[in-house]
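Subject: Structure handover

Hello,

Here is the structure for you to look over. My notes on it follow below.

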Amino acid sequence: MENLTDLPAWQALLKHKKQTENVQMRDLFEQDENRFESFHLRFNDILLDYSKNRINKETMSLLMDLAKQSGLKDWTEKMFSGEKINHTENRAVLHTALRNRSNEPVYVDGQDVMPEVKSELEKMREYSESIRSGQWLGYSGKPIIDIVNIGVGGSDLGPVMVSEALYPYGKVGLRVHFVSNVDPSHICNTLRDLDPERTLFIVSSKSFTTQDTIMNAHTARDWLLENSRNETAVAKHFIAVAANVEAAMAFGIKEENIFKMWDWVGGRYSLWSSIGLSIAIYVGMDRFESLLQGAYEMDEHFRNAPLEENLPVILAVLGIWYNNFYDAESHVLLPYDQHLHRFPAYFQQGDMESNGKSITRDGEKVDYATGPIIWGELGITGQHAFYQNLHQGTHLVPADFIVPIESLNPVGNHHIVLLANFFAQSRTLMTGKNEEEARQELADEGYSEEDIERLYPSRLMQGNKPSNTILLKALTPKALGSLIALYEHKIFTQGVIWNINSYDQPAVELGKKVAASIYDDLKHHKLVDDYDDSTNGLIKYFLKNSND
């Protein structure tokens with residue numbers, strides 16, 4: 001591929017930015033009474049308003065040219081058709097196949113993967129219904145009431161995010177828990193109030209060797225056996241999602257209780273697979289399949305809609321606009337729904353592990369910014385925490401505001417107050433407060449002319465801070481599926497434009513290798529000189545002061 005910064009669209013965008021960088025969004029709205037109409041799109045029950053951005057129609061046209069010149073449509077077809085676009089690991093990228101609700105085949109190495117995908121979905125239905133109905137019995141003959149998902153990364157963040165988001169749909173009397181941290185406090189605190197006779201563990205690890213996950217699984221196993229005192233209990237209380245069937249069976253899990261993993265599914269895109277078993281058990285398989293349906297419909301939209309009317313593409317190119325032309329180094333996700341409180345953390349991994357790369361697909365070092373720092377929090381919480389910085393700080397931080405129109409808990413005026421804050425914040429980021437308004441505000445509060453002159457600068461807010469607004473009709477399983485897929489395809493689009501591989505994670509693997517080496521040193525109380533002076537000194541200090 002031609003170097004990104006040499007593309008005609010990139011050069012045109014550089015010139016366009018110089019011509020428009022001082023334009024105020026306030027003025028754009030005053031000049032165009034129908035700006036909202038020009039810069040919003042609807043998809044099913046989702047509305048995307050991107051009118052509060054530093055853009056005009058020419059900006060969007062040039063950004064679309066950049067996507068086209070980057071070969072986005074070709075790369076999209078490569079992904080959906082099973083080509084091995086994860087070139088460093090020689091793997092296809094087919095999380096979309098997991099939610100393919102059509103009867104169309106999807107091929108990897110000449111083999112249609114859909115029969116296996118459908119078989120696993122049927123198995124998920126069988127197992128989830130058995131547990132939800134009380135037919136699955138523990139070693140003492142009691143039904144299961146607690147599900148503990150043991151995983152890390154995508155094997156944890158996806159299931160916990162979706163389970164929290166769909167909490168109102170969960171089965172009453174059934175609880176789901178998630179353990180990811182190798183810190184013993186996480187597994188111990190989770191197990192403290194559980195009944196081993198009525199607890200089922202799902203161990204999610206493709207290799208079944210991931211240190212954090214397997215250590216937590218063994219602690220859970222020991223806890224179970226301490227109470228049951230019978231090795232056969234393991235088979236009644238453990239299910240695995242793994243590619244390494246032999247290791248899972250050696251742990252004590254029956255072969256029929258092991259769900260498949262495929263190498264063409266990356267961890268951070270795996271909630272659609274058997275990794276989502278905890279979701280299916282909690283909310284029911286019908287709702288899990290509604291989640292898949294919502295994602296599939298967004299897949300079809302992304303694959304087929306013109307770029308100019310394509311929600312993931314629009315979010316992606318707007319992110320490129322700020323990241324590469326305005327030097328914005330971070331992007332904040334602000335859901336205004338308590339059930340979406342883990343959504344920012346989920347896409348912090350999804351985005352930063354995917355596009356936190358500095359080497360192109362061609363093996364060259366990039367000379368432009370790639371993935372921004374993704375962060376966020378519940379919007380209401382953020383208003384009383386970090387919004388001050390968003391409004392008056394020195395950094396440009398584009399924001400995504402997300403809210404459902406209907407609350408799943410319609411109590412009093414709670415939701416109206418929530419929405420009032422939601423609409424107010426994106427407006428205030430856009431408008432800011434000018435000198436005239438700051439002076440008038442102080443005058444209305446009764447300050448003297450002398451005090452107004454002294455205080456008004458502290459009330460100024462420059463505004464012109466960009467944001468996107470996403471309205472959902474309601475937070476249903478289907479809408480959530482579409483929302484997740486929307487962001488997945490945004491990440492993919494940006495990776496294509498930056499010419500990077502969004503589907504490997506070599507830095508993560510390096511960290512695991514180094515940790516394994518140090519673990520061996522710590523376990524054997526080895527005074528080391530193998531690392532840098534800082535690491536050697538820290539290890540020696542730890543060993544000297546450790547009670548282990």
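What volume does the largest pocket have? The answer is about 1100 Å³. This is a predicted model, in which local features need pLDDT of at least 70 and side-chain atom pairs count only at pLDDT 80 or more, while totals for chains, interfaces and linings use all residues. Residues are numbered from 1 along each chain as its sequence is written, and side-chain values use heavy atoms, with hydrogens and water left out.

Pocket

A pocket here is an open set of points on a 1 Å grid over the protein atoms alone, where a 1.4 Å probe fits and protein lies on both sides within 12 Å along at least five of seven lines; lining residues have an atom within 4 Å of a point. The volume is the space filled by probe spheres set on the points, which are joined across faces, edges and corners.

The lining of the largest pocket consists of 44 residues, and Glu353, Gln505, Val508, Glu509 and Lys512 lie nearest the centre. Helix 8 (154-165), helix 10 (211-228), helix 16 (343-355) and helix 23 (506-523) each contribute at least two lining residues; helix 23 gives the most, seven. Helices are DSSP runs (H or I, at least four residues), numbered from the N terminus. By type, the lining has 17 nonpolar, 17 polar and ten charged residues. Nonpolar means Ala, Val, Leu, Ile, Met, Phe, Trp, Tyr, Cys and Pro, charged means Asp, Glu, Lys and Arg, and polar means the others, Gly among them.

Helix packing

Helix 16 also packs on helix 22: their axes come within 10 Å and cross at roughly 20°. Axes are lines fitted to C-alpha atoms over the stretch in contact, with angles from 0 to 180 degrees between N-to-C directions. The two helices are therefore roughly parallel (under 35 degrees; over 145 is roughly antiparallel, 65 to 115 roughly perpendicular, the rest oblique). The residues of this contact (heavy atoms within 4.5 Å) divide into eight nonpolar, five polar and three charged.

Helix 5 (residues 72-80) meets helix 22 (residues 477-498) as well, with axes within 10 Å and crossing at roughly 125°, so this pair is oblique. Leu72, Trp75, Thr76, Met79 and Phe80 of helix 5 touch His489, Phe492, Thr493 and Val496 of helix 22. Six of these residues are nonpolar, three polar and none charged.

Helix 1 (residues 8-20) and helix 15 (residues 311-325) have axes within 12 Å that cross at roughly 75°, which makes the pair roughly perpendicular.

Regards
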